[in-house]
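Have a look at the fold first.

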Amino acid sequence: MREGYEGTGPGAITPDGCAVELYSRLPVGAEPDIIAAAVPAGARVLELGSGVGRMTHALLERGFEVTAVDESAEMLERVRGARTICRPIEKLDLGETFDVVLLASFLVHAGDAEVRRGMLRTCVRHLAEGGCVLIQREGEDYHTHVPRERVDPAGFTVRILSAEPVGDGVNSVHAEYVFPDAVWTQTFRARPLTREQFEEALGEAGLRVDRYLTEDRTWVRAVPVAGG
Ligand SMILES: C[S@@+](CC[C@H](N)C(=O)[O-])C[C@H]1O[C@@H](n2cnc3c(N)ncnc32)[C@H](O)[C@@H]1O
């Protein structure tokens, strides 16, 4: 387990505190549609931090060719129909490129800024000519609107219980997922990034915002800086 990251509940837990069983149960939301609307049909997608394939499977169904990367072998064992690669994202160097690189699940908010830089460099390194990086970032009140809860129609409740500063602009976030028969918790480090800070982080990696894909600006299409 990484320092500052922890998970509780049934089954295997990843180094960042995610529960494999929990992610196998979570339904996929609007993400695959947002992605599909922003990239060419049938594109080759490199999905970073795929988990059990919640989004992978929906993207395969939509006709994309997906390579799924995660540092957890237990997560990747559940991915079906995609090539899987077990590696830390920040160290990935496949020697090949993709039409689309996907960095979802707020991974760009990694508590360790070096890890974030490494992840964004990985995105750029694997980008084909004319390709794009799709990034999912936190909503504006992610760290301030706490505690909060959402009751999912599928029959479980997600709570973000707290987000407490631990220094260097990083928060320790505590989340809880309550199902009728099981409860999972996750504690993780996240670095809030204003729009300016986010765009600066992209710039450091040689990327720029092409456009925000959603009104709340949580989904972003980024492209390499011309000549970068
Ligand atoms: C919150 S889960 C989301 C999984 C998937 N994207 C989804 O939406 O269902 C985050 C996943 O990213 C993986 N992960 C986190 N940090 C990573 C890193 N530095 N390198 C590789 N995988 C990482 C975890 O193992 C976990 O499976």
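Cover here is about contact, meaning heavy atoms within 4.5 Å. The helix itself runs over residues 54-61, and its buried residues are M55, T56, A58 and L59. Just after α3 comes G63, with a positive phi of about 95°.

A word on the ground rules. This is a predicted model, so local features need pLDDT of at least 70 and side-chain atom pairs count only at pLDDT 80 or more, while totals for chains, interfaces and linings use all residues. Residues are numbered from 1 along each chain as its sequence is written, and side-chain values use heavy atoms, with hydrogens and water left out. Helices (H or I, at least four residues) and strands (E, at least two) are DSSP runs numbered from the N terminus. As for burial, buried means under 20% relative accessible area, exposed means over 50%, and partly exposed is in between, using a 1.4 Å probe and protein chains only.

**The whole chain**

The protein chain has six helices and 12 strands. Its C-alpha trace spans about 50 × 40 × 30 Å along the principal axes. Why does a radius of gyration of 17 Å agree with a compact globule? Because a compact globule of 228 residues would come out near 17 Å, and the protein chain has 17 Å. That radius is taken over C-alpha atoms, and the globule rule is 2.2 Å times the number of residues to the power 0.38.

Of the 228 residues, 50% count as buried. Among contacts in the chain with a separation of 6 or more, 54% come from residues 24 or more positions apart. On the charge side, there are 25 positive and 36 negative side chains, and the centres of the two sets lie 3 Å apart. For that count Lys and Arg are positive and Asp and Glu negative, with His and the chain ends not counted; each charge is placed at NZ of Lys, CZ of Arg, CG of Asp or CD of Glu.

**The loop between β11 and β12**

T214 sits in the loop between β11 (207-212) and β12 (219-224). Is T214 buried or exposed? T214 counts as buried, because its relative accessibility is 18%. Its side chain makes a polar contact of 2.7 Å with the side chain of D216. (A polar contact is a pair of N or O atoms within 3.5 Å; within protein, one must be able to donate a hydrogen and the other to accept it, and residues adjacent in sequence count only if both atoms are side-chain atoms.) Leaving aside residues up to four places away in sequence, T214 touches I34 and W219. R217 is in this loop too.

**The loop between β5 and α5**

H109 lies in the loop between β5 and α5 (113-125), and S105 is also placed between β5 and α5. H109 counts as buried because its relative accessibility is 2%. Setting aside residues up to four places away in sequence, its partners include R137, E138, R189 and P192.

| Residue | Phi | Relative accessibility |
|---|---|---|
| S105 | near 55° | 39%, partly exposed |
| R217 | near 60° | 31%, partly exposed |

Finally, the peptide bond from V146 to P147 is cis, with omega near -5°. P147 is in the loop between β6 (127-136) and β7 (148-152).
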